[in-house]
Amino acid sequence: MAKLTTKKGLNNITTTCKNCDYSFEGNFCNNCGQTANTHDINFHEILHEIQHSILHIDKGILFTTKELFKRPGNSIREYIFGKRVKHFKPFAYILLLSTIYALLSKFSDKTTDIDQMILGYNNGSNTVLKGKEDLIVDVLHWMQQHYAYTTLLLIPIISLASYLSFFKTKYNYFQHLILNTFIAGQKTAIFLLMLPIVYFIKDNDLNDSIDTFKVYLGIFLTFLTYYQFFDSTKPVKRIFLTVLTYIVMVILIFVIVLIFGILIKLI
């Protein structure tokens, strides 16, 4: 095993990395990135690691959420171009928040937006795809029970729609994927904040109104984020292309469902 060695110069200290034997100056190895300050594994070190990990997660989530509330499009664009050290990773962010949202929704006996969508499609599929309902129901039931995974599965479709609509902005598909992942996380964070209010509301009509409000709020947040993100495009064109994104997304979902239905009939 390589030993930690240090050599003091006039103004610096040279360290030999315990991981790759590379000699470097500063707090981190220039070759593999390991910290220069490695300690023996003991109770104190384990306790410090747990505290550091929890604090890092809290700070990352809070910073990312604050940025998505305050300046969503600008902060996502900065993330794409490399300003990432303070941010929580987008896929981990949406997976964590959507999982919490799904669990709290189940405990509060409140259905999520995607539950309603799946329920409606499920009712329609029973008449359109006679004889194949069981498989459809199984798939839709899995989607309903796995809100976090379903949210992630829908993001690539939305991203393809925005990529096709904003094609001339020169952002590649994977950058659109990051953009829409953050937007999904942004919406989920807001819906999480609304759950305590919705929990105490027993009036069905009022709940329906809140669900409708959430749909319009989600659309507004998408428009706002796209408007900031695609700042090199003329304002009117940004709005038009955002509307086009929704149209393309609906078409893509329809085509996927149609293909899925045809394949089910052929099996």
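Let's start with Ser98, which sits in helix H3, residues 90-107. Helices here are DSSP runs of H or I with at least four residues, numbered from the N terminus. This is a predicted model: local features need pLDDT of at least 70, side-chain atom pairs count only at pLDDT 80 or more, and totals for chains, interfaces and linings use all residues. Residues are numbered from 1 along each chain as its sequence is written, and side-chain values use heavy atoms, with hydrogens and water left out.

Back to Ser98. Why does Ser98 count as buried? Because its relative accessibility is 0%. Buried means under 20% relative accessible area, exposed over 50%, and partly exposed in between, with a 1.4 Å probe and protein chains only. The Ser98 side chain reaches the backbone oxygen of Ile94 at 2.5 Å. Lys187 is 89 residues away along the chain, yet the two C-alpha atoms are separated by 9.7 Å.

Next, His87. It lies in the loop between helix H2 (72-80) and H3. His87 is buried, because its relative accessible area is 12%. Its side chain makes a polar contact of 3.3 Å with that of Thr64. A polar contact is a pair of N or O atoms within 3.5 Å; within protein, one must be able to donate a hydrogen and the other to accept it, and residues adjacent in sequence count only if both atoms are side-chain atoms.

Last, the cysteines. How many disulfides are there? The count comes to 0, with a disulfide defined as two cysteine sulfur atoms within 2.5 Å. The closest cysteine sulfur to that of Cys20 is in Cys29, 3.7 Å away, so it is too far for a bond. Cys20 is partly exposed, at 26% relative accessibility.

Methods
Helix = DSSP H or I, 4+ residues; strand = E, 2+ residues; numbered from the N terminus.
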